[in-house]
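User: I'd like to go through this protein with you, one question at a time. Can you put it up first?

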Amino acid sequence: IKIAYVNSQALMEAAPGRAAATDLLNKEGQGYQVQLQKMQDSINGLYTKYQKDEPTLSATAKESRQKTIRDLETGFQAKQLEYQKAFDERTKEVMAPITDAVKKVIDDIRVEEGYAIILDNAPGAGNIVAADKNLDITDKIVSRLRATPAAKIAAPTATKPGAPAVPAGVGKPPIKPPTK
């Protein structure tokens with residue numbers, strides 16, 4: 001049985017079209033980061049005004065403003081989750097042709113060279129504790145990937161206007177108003 005391994009992380013980094021796909025995703029995400037930041041700034045402004053006005057507010061007014069701020073924070077968190085889910089889906093969509101091209105090259109080499117199995121030894125992905133370095137065919141696959149014209153891989157296109165996309169960790173955690 002002939003076995004080999006690769007570093008899939010290195011393969012994805014070398015894949016034609018990956019840089020363009022990453023750039024596209026970053027650009028799409030920036031617009032939504034701005035939207036979320038505006039929402040966060042609005043909430044922070046209301047909270048700052050509430051803190052300033054709090055000593056002069058009646059109990060009912062305090063409760064009303066606190067509820068308004070909490071409702072806005074809840075809406076912000078929901079929007080943030082919506083954007084994150086859409087961005088994750090968009091990432092899968094944009095990266096799918098690149099991933100498919102990498103898988104095809106791996107499978108082509110597996111068949112051509114008669115490997116029964118090719119394992120992944122990328123950091124965090126592989127469970128290979130020790131292996132002969134001669135079994136690592138990452139460089140061979142990277143060479144083949146670099147020889148693959150980028151035109152053969154579907155070029156990523158921008159999302160439709162208004163389609164949400166935002167990278168992980170966007171926005172600050174909301175500031176909680178004091179509860180009395």
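User: Among contacts between residues at least 6 apart in sequence, what share joins residues at least 24 apart?

Analyst: Quick caveat before the number: this is a predicted model, where local features need pLDDT of at least 70, side-chain atom pairs count only at pLDDT 80 or more, and totals for chains, interfaces and linings use all residues. Residues are numbered from 1 along each chain as its sequence is written, and side-chain values use heavy atoms, with hydrogens and water left out. A contact means heavy atoms within 4.5 Å. Of the contacts between residues at least 6 apart, the share joining residues at least 24 apart is 89%.

User: In what order do the elements run from the N terminus?

Analyst: Helices (H or I, at least four residues) and strands (E, at least two) are DSSP runs, numbered from the N terminus. The protein has four helices and two strands. Their order is β-α-α-α-β-α.

User: Which elements do the buried residues of helix 4 pack against?

Analyst: Buried means under 20% relative accessible area, exposed over 50%, and partly exposed in between (1.4 Å probe, protein chains only). In helix 4 (residues 138-147), the buried ones are Thr138, Ile141, Val142 and Leu145. Looking down the helix 4 axis, they fall within an arc of 105 degrees (taken from the directions from the axis to the C-beta atoms), so they line one face of the helix. That set packs against strand 1 (3-6), helix 1 (8-14) and helix 3 (59-113).

User: And which residues are exposed on the other side of helix 4?

Analyst: The buried residues of helix 4 line one face. Over on the other side, the exposed ones are Asp139 and Ala147.

User: How are the rings of Tyr32 and Tyr83 arranged, stacked or edge-to-face?

Analyst: Rings of Phe, Tyr and Trp (its six-membered ring) pair if their centres lie within 6.5 Å; planes under 30 degrees apart count as stacked, over 60 as edge-to-face and the rest as tilted. By that rule there are two aromatic pairs. For Tyr32 and Tyr83, the centres are 4.9 Å apart and the planes sit at 65 degrees, so the pair is edge-to-face.

User: Which helices does that pair of Tyr32 and Tyr83 link?

Analyst: Both Tyr32 and Tyr83 are buried. They are 51 residues apart, so to speak distant parts of the chain, and the pair links helix 2 (residues 18-53) and helix 3.
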